[in-house]
Amino acid sequence: MPILRADHGACQGYANCVAGASDVYDIDDDGVVVLLKERVPEEERQRVEEAARSCPVSALTVEGG
Amino acid sequence: MIDQAGVLGSVRRGMIPAHIYNDEHVFALEKERVFGRAWMFVAHESEIPSAGDYVVRRVLDDSFIVVRDEKGEIHAHFNMCLHRGMQVCRAEMGNASHFRCPYHGWSYRNDGRIVGLPFHQDAYGGEAGFKRKSQRLLRAPRIGSHNGMIFVSLDDEAPSLRDHLGDFVFYLDYYTRQSPSGIEMRGPQRWRVKANWKIGAENFAGDMYHTPQTHTSVVEIGLFREPKAEKRRDGATYWAGNGGGTTYKLPPGGLDERLRYVGYPDEMIARMKGEWSREQCDVIGRDGFMISAASVFPNLSFVHNWPRVEDSDDVVPFISVRQWQPISENETEILSWFAVDAEAPEEFKRLSYKAYLMCFGSTGMFEQDDVENWVSLTNTAAGSMARRLMLNSRMGLLEDGTEVSPALPPERFSGPGIARTGYSEHNQRELLRRWADHMERPLPKAAGVEVGTNGQQAEAGQ
């Protein structure tokens, strides 16, 4: 099962990930990414990876299999 | 500069200084005083049925994203990024949960709230430098809807949309409420013509007089059986609230026969009877008038006609909603939608769409006939001779103000407002009188909204 990781120090609050997968990523009041889920089912991998890759500062990764 | 008092005084007497149809100073004042306060149609709810659906529409130079948010609520966001003023959404329609500015990457949820503000901490020092919380794209100052038709006004003090429409809502139902589901709209087709915006609005409001002349060829080739001169003369024009329109007098019969005569199938007629009031049914069934074209001040029009679409003698009715969006004093962008009852049978929708495309829209025959006149008129209105000419728009009035054709009594016309049979320019004068009333009143300066300070705090609670 894919595991989601976020580098909160790297995040700059672009929110591209939120636009890509708002059920998984959000931005808190301080402008920093929040993971709404830590794992997603395998069939969600492609969609969530796309959202993670849209991060301009590479703060997001999807690991595991 | 224009002689404002002179021009407006003339217009109110029904004498129209010809240059108002092509005058940059008049247009500058219209931008501020007419379009800066009037309720402007922007979209129909059926164009954005699902969460995230949006269309981008303009009120002259101001672009708005008309969007249904994740909760189903409809907004009209001013399409300008809070940061450097870039247009946030550059597509014309689509579906999006968020809108991201292409310039520096600020992003907004579809309810308008800011979500992404890159390097907020590094660049601004966080909330201490720029209050990100509660910032949102500016809202259209006013938004309202009636029968699914969404309007905005740029005037914070505008009367409610319902008050603006007034008794015209009675007639609006014929176009937009033929069943409990209302209409669905397709389009718009959007194209520009070198004509002043007022001409189309006036024409649709009440010009039954042009039909037998301008549209002769359409009748001659057998596609449209109605606009014979005497038939139009027997029709009534009505004005109610801030809108008015034209009707055709139909042959004898009751409500069912007359709706059948213009091509409605029985199942649609049954739904209309369930939806319309006694008075709305009586205008057609008892009084014998079938609605045709109409305009609502300032620049929204409707048309309902029933041409032949196949080889048989059968006619099929269609409805179009259209907006005369001003580009300049001598150019108008026409937005033309096809509208049809959402519960209509598929075959009816297909034929009705065909009827619409044949008559109106960028290739429609009626459209071509009309626009040739309007472009030519606009051209001629730019010259110096046009500044001497006061067009007589007093049809239906004697010089002393006596009406040629008196208002129909309630027993002959059961709708609200004032209705008269025969040719006249009462409706065109009603429209231009409202234009004069707007042109006369300066618009108070709207309060500014500061971005990133507490300036938007008042909105935060909403």
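1. In this predicted model, the C-alpha centres of domain 1 of chain B and domain 2 of chain B lie 35 Å apart. The contact between the two takes six residues from domain 1 of chain B and seven residues from domain 2 of chain B. On the domain 1 side, the touching residues of chain B divide by class into two nonpolar, two polar and two charged. The bounds in use are 40-145 for domain 1 of chain B and 165-440 for domain 2 of chain B.

2. The UniProt record, in an unreviewed entry, lists "domain: Rieske" for residues 39-152 of chain B.

3. On confidence, the model scores ipTM 0.73 and pTM 0.92. The average pLDDT of chain B is 93, and 97% of the residues of chain B score at least 70. Residues 457-462 of chain B have a pLDDT below 50, and beyond near neighbours in sequence this stretch has four contacts in the model. Where pLDDT is low, predicted coordinates should not be read in detail.

4. Chain A has two helices and four strands, and from the N terminus on its elements run β-α-β-β-α-β. The radius of gyration of chain A is 11 Å, close to the 11 Å given by the globule rule for 65 residues, so chain A is as compact as a globular protein of that length. Its C-alpha trace spans about 30 × 20 × 15 Å along the principal axes.

5. Of the 65 residues of chain A, 38% count as buried. Taking contacts in chain A between residues at least 6 apart in sequence, 65% join residues at least 24 apart.

6. How many residues does the contact take from chain A and from chain B? Chain A gives eleven residues and chain B gives 14 residues. Within chain A, helix α1 (residues 16-20) gives the most to the side that touches chain B, with three residues. By class, that side of chain A has five nonpolar, five polar and one charged residues.

7. Two cis peptide bonds in chain B should be noted. The bond from Gly187(B) to Pro188(B) is cis, with omega near 0 degrees, and Pro188(B) lies in strand β12 (residues 183-193) of chain B. The bond from Phe297(B) to Pro298(B) is also cis, with omega near 0 degrees. Pro298(B) is found in the loop between β15 (289-296) and β16 (300-305) of chain B.

8. Ser58(A) is not a glycine, yet has a positive phi of about 50 degrees. Ser58(A) sits in the loop between α2 (45-53) and β4 (60-63) of chain A. Is Ser58(A) buried or exposed? Ser58(A) counts as exposed because it has 10 C-beta neighbours inside 10 Å, and the cut-off for exposed is 12 or fewer.

9. Ser134(B), likewise not a glycine, has a positive phi of about 75 degrees. Ser134(B) lies in the loop between α3 (120-124) and β10 (142-146) of chain B. With 16 C-beta neighbours inside 10 Å, Ser134(B) counts as partly exposed.

Definitions and conventions: Residues are numbered from 1 along each chain as its sequence is written. Chains are lettered from A and ligands numbered from 1 in the order in which they are written. This is a predicted model: local features need pLDDT of at least 70, side-chain atom pairs count only at pLDDT 80 or more; totals for chains, interfaces and linings use all residues. The radius of gyration is taken over C-alpha atoms; the globule rule is 2.2 Å times the number of residues to the power 0.38. A residue is buried if 20 or more other C-beta atoms lie within 10 Å of its own, exposed if 12 or fewer, and partly exposed in between; C-beta atoms are placed from the backbone. UniProt positions are given in the numbering used here, feature names are shortened, and annotations may be inferred rather than shown by experiment. Domain bounds come from an automatic or database domain assignment. Ala, Val, Leu, Ile, Met, Phe, Trp, Tyr, Cys and Pro count as nonpolar, Asp, Glu, Lys and Arg as charged, and the others, Gly among them, as polar. pLDDT is the predictor's confidence in each residue, from 0 to 100.
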